Amino acid sequence: MPLQQVGRYRVVGRRRYRGHQPGSEFEVRLDPRAEARAIRRGDIAVLERIVPSVQPGSYRIPKGEV
Amino acid sequence: MKLRFVMPVHGRENLTGICLRQLRRTCDALTADGIDAGAVVVGDDRNLDVAWALGFATVRRDNDFLARRFNDGLQLACDPSYGIRADYAIPIGSDDWVDHRIFHRLPGWDTVLGFRHCSFVSEDGTALHETRLNYEGGTGIRVYPAQMLKTANWRPADEDRKRGCDTSILYNTRWWFLRAHSRDLRVTYGDRHPHQIVDWKTPGQNLNEFAQVTGVHRSRNAGDPFQALTGMYPADLLEEMRCHYSR
């Protein structure tokens, strides 16, 4: 996985994972080995790989700042 | 030099409004001293309107993960593709005041500037404790060179954190820096006086409560905060804050 990417995961097990409740989704860069273990245990599922960023249309910059 | 504070905001509109106005004064004082200073405020409520009216950049993001808000602010401030191109970014809380003079000497590209001395105001507004934090980096208000944050793609904190964001930012920045440069970053301290940073606690709404912080670290009770801070911060904002606590 390229370094800029993080995983988007869903907690699919019965226990919380990294403090996230079952059924919830979260984004984080996991160590590949930790990710593999968590998937093997059935704790999480990978939804997609993303590059997190400030979302288009979500920000405003005052005139003169750019 | 261009410097941007990064402030996530959520609720507490009266307190946050006072702190945003004080931040405006801080930025104006720095600009008058030759440092182009401003802020990126990240939130999803009316606090963003206040921030925009004060001339700050804003990012709209939900409050699910505090760290993601910090990352948004740091990226907007420093990532050249967004345009602001700050040379330094400083995470700050929405209940913090800072003395602009502690930012006069900015760190080198490989150094994080931290501050160990911080004053905390109790949740009832009756006591100010001058505290010395004994962990690396001091308070979460740390000056990060943009060049350093670039190694973390300008998003150093774990995206899914709801607390511990300050530590996550420093820890991960260190990890990325070590990876990029095969050596550790440096941390230096720019403390000037006990009231250089003031953290105004609110009942039931702080990640770290007053008793918890002042009980763990070396701390001195300096009495009434509004007397202790007279002459250091603007009288009108101190009066606003006094009224806020007396409500």
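A:Tyr59 stands opposite B:Val59 in strand E3 of chain B, within a pairing of E4(A) and E3(B) that is antiparallel and extends over two bridges; strands count as paired if DSSP finds at least two bridges between them, and helices (H or I, at least four residues) and strands (E, at least two) are DSSP runs numbered from the N terminus. The model is predicted, so that local features need pLDDT of at least 70 and side-chain atom pairs count only at pLDDT 80 or more, whereas totals for chains, interfaces and linings use all residues. Residues are numbered from 1 along each chain as its sequence is written, chains are lettered from A and ligands numbered from 1 in the order in which they are written, and side-chain values use heavy atoms, with hydrogens and water left out.

The open sheet has six strands in the order E4(A)-E3(B)-E2(B)-E1(B)-E4(B)-E9(B), with mixed pairing. Strand E4 (59-60) of chain A and strand E9 (144-145) of chain B stand at the edges, each with a single partner strand, so one side of each is left without a neighbour in the sheet. E9(B) pairs with E4(B) (residues 88-91) in the antiparallel sense over two bridges, B:Tyr144 being the bridge partner of B:Ala89.

Between the chains, 25 residues of chain B are in contact (heavy atoms within 4.5 Å) with 21 residues of chain A. Four salt bridges are found across this interface, a salt bridge being a side-chain nitrogen of Lys or Arg within 4 Å of a carboxyl oxygen of Asp or Glu; B:Asp158 forms a salt bridge with A:Arg18, the closest N and O atoms being 3.7 Å apart.
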